[in-house]
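Visitor: I would like to learn how to read a model like this one, going from the whole chain to single residues. Could we begin with the overall picture and then turn to particular positions?

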Amino acid sequence: MELELEKKLDEAYSKLKDLREKLYFGSCTDGERDYIFKSMKELYSIIENLECQLEYLKRKIEITDGEIELTYLEDNTSTYKQYNIYLCGNSEKIGFIEYRDCDSLYLGNIGYHIYSEYNGHNFASKAVNLLNEILRKEGIESVVITANRDNIASIKTIEKVGGKPIDIPDDYTDIVAYSCDTGLKKQK
């Protein structure tokens, strides 16, 4: 399956290259130019879909709750870890979540983003809970999660996962910060 997808992807890139060359180096009428732009747009969509399917096949599922799964990215480091979020059994990525091992109160330790078409299903809070499970296994007791002061949805997500407001410097006027227990203390 992977080889078949890679072959289709190569073909799409080849077609795209041909269209670009025709557009940039050939003489085209306005009608031909419009057709080329439309074809290129369709190819970009096909390429994005094929790349998403390939990524899905190659992914390493780190953890799942039966509804969503966090997939580990190979270029993670010990201080920065990013996971893509997928619906279980689906090749469409719905967002990402990351852990930053840093002391920056402004950045916080956890950041997440759910694509707008998937908002309203509590996927962000589910992803934070799954990431907390991973962090708990690594011996991390608590994290700081920040949000823009006007991002009500993110603040609700943080509160839903048990985040407790913490004091921040007066010059941090655009954010709010919360401390969130990963659950490690309860296990001790």
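Guide: Let us start with the secondary structure of this predicted model, whose protein chain has 5 helices and 8 strands. Read from the N terminus on, the elements run α-α-β-β-β-β-β-α-β-α-β-β-α.

Visitor: What radius of gyration does the protein chain have, and what would a compact globule of 188 residues have?

Guide: The radius of gyration of the protein chain is 21 Å, whereas a compact globule of 188 residues would have a value near 16 Å. The box filled by the C-alpha atoms, taken along the principal axes, is roughly 70 × 40 × 30 Å.

Visitor: How much of the protein chain is buried, and what share of its contacts joins residues 24 or more positions apart?

Guide: A residue is called buried when its relative accessible area is under 20%, and by that reading 39% of the 188 residues in the protein chain are buried. Among contacts with a separation of 6 or more, 52% are between residues 24 or more positions apart. The accessible surface comes to about 11,400 Å², and carbon and sulfur atoms account for 49% of that surface.

Visitor: How many positive and negative side chains are there, and how far apart are the centres of the two sets?

Guide: The protein chain carries 25 positive and 35 negative side chains, and the centres of these two sets lie 3 Å apart.

Visitor: Which residues surround Asn84, and which side chain makes a polar contact with the side chain of Asn84?

Guide: Leaving aside residues up to four places away in sequence, Asn84 touches Glu55, Glu69, Leu70, Thr71, Leu73, Lys93, Gly95 and Phe96. The polar contact is with the side chain of Lys93, at 3.5 Å. As for separation in space, the C-alpha atoms of Asn84 and Gln53 are 13 Å apart, while the two residues are 31 residues apart in sequence.

Visitor: How should I read Arg100, and where does Arg100 lie?

Guide: Arg100 lies in strand S4, residues 93–100, and this arginine counts as buried because its relative accessibility is 13%. A polar atom of the Arg100 side chain is 2.7 Å from the backbone oxygen of Leu107. Beyond residues up to four places away in sequence, Arg100 touches Thr79, Tyr80, Leu107, Gly108, Asn109, Ile110 and Gly111.

Visitor: What is the phi of Asn122, and where is Asn122 placed?

Guide: The general idea is that most residues other than glycine have a negative phi. Asn122 has a positive phi of about 65°, although Asn122 is not a glycine. Asn122 sits in the loop between strand S5 (110–114) and helix H3 (123–137), and it counts as partly exposed because its relative accessible area is 40%.

Visitor: What can be said of Glu4 and Asp30, and in which helices are Glu4 and Asp30 found?

Guide: Glu4 is in helix H1, residues 2–25, and counts as partly exposed because its relative accessibility is 48%. Glu4 and Cys102 are 98 residues apart in sequence, with 42 Å between their C-alpha atoms.

Guide: Asp30 is in helix H2, residues 30–58, and counts as exposed because its relative accessibility is 58%, the cut-off for that class being over 50%. The side chains of Asp30 and Arg33 are joined by a polar contact of 3.0 Å. Asp30 and Phe96 are 66 residues apart along the chain, and their C-alpha atoms are separated by 41 Å.

Visitor: Finally, which residues does Ser142 touch, not counting residues up to four places away in sequence?

Guide: Ser142, which is placed in strand S6 (residues 142–148), touches Ser179, Cys180, Asp181 and Thr182 when residues up to four places away in sequence are not counted. Ser142 counts as partly exposed because its relative accessibility is 35%. The C-alpha atoms of Ser142 and Gly162 are separated by 11 Å, these residues being 20 residues apart along the chain.

Conventions
Residues are numbered from 1 along each chain as its sequence is written. This is a predicted model: local features need pLDDT of at least 70, side-chain atom pairs count only at pLDDT 80 or more; totals for chains, interfaces and linings use all residues. Side-chain values use heavy atoms; hydrogens and water are left out. A polar contact is a pair of N or O atoms within 3.5 Å; within protein, one must be able to donate a hydrogen and the other to accept it, and residues adjacent in sequence count only if both atoms are side-chain atoms. Contact means heavy atoms within 4.5 Å. Helices (H or I, at least four residues) and strands (E, at least two) are DSSP runs, numbered from the N terminus. The radius of gyration is taken over C-alpha atoms; the globule rule is 2.2 Å times the number of residues to the power 0.38. Buried means under 20% relative accessible area, exposed over 50%, partly exposed in between (1.4 Å probe, protein chains only). Accessible areas come from the Shrake-Rupley method with a 1.4 Å probe; for residues, only the protein chains shown count as cover. Lys and Arg count as positive and Asp and Glu as negative; His and the chain ends are not counted. The place of a charge is taken as NZ of Lys, CZ of Arg, CG of Asp or CD of Glu.
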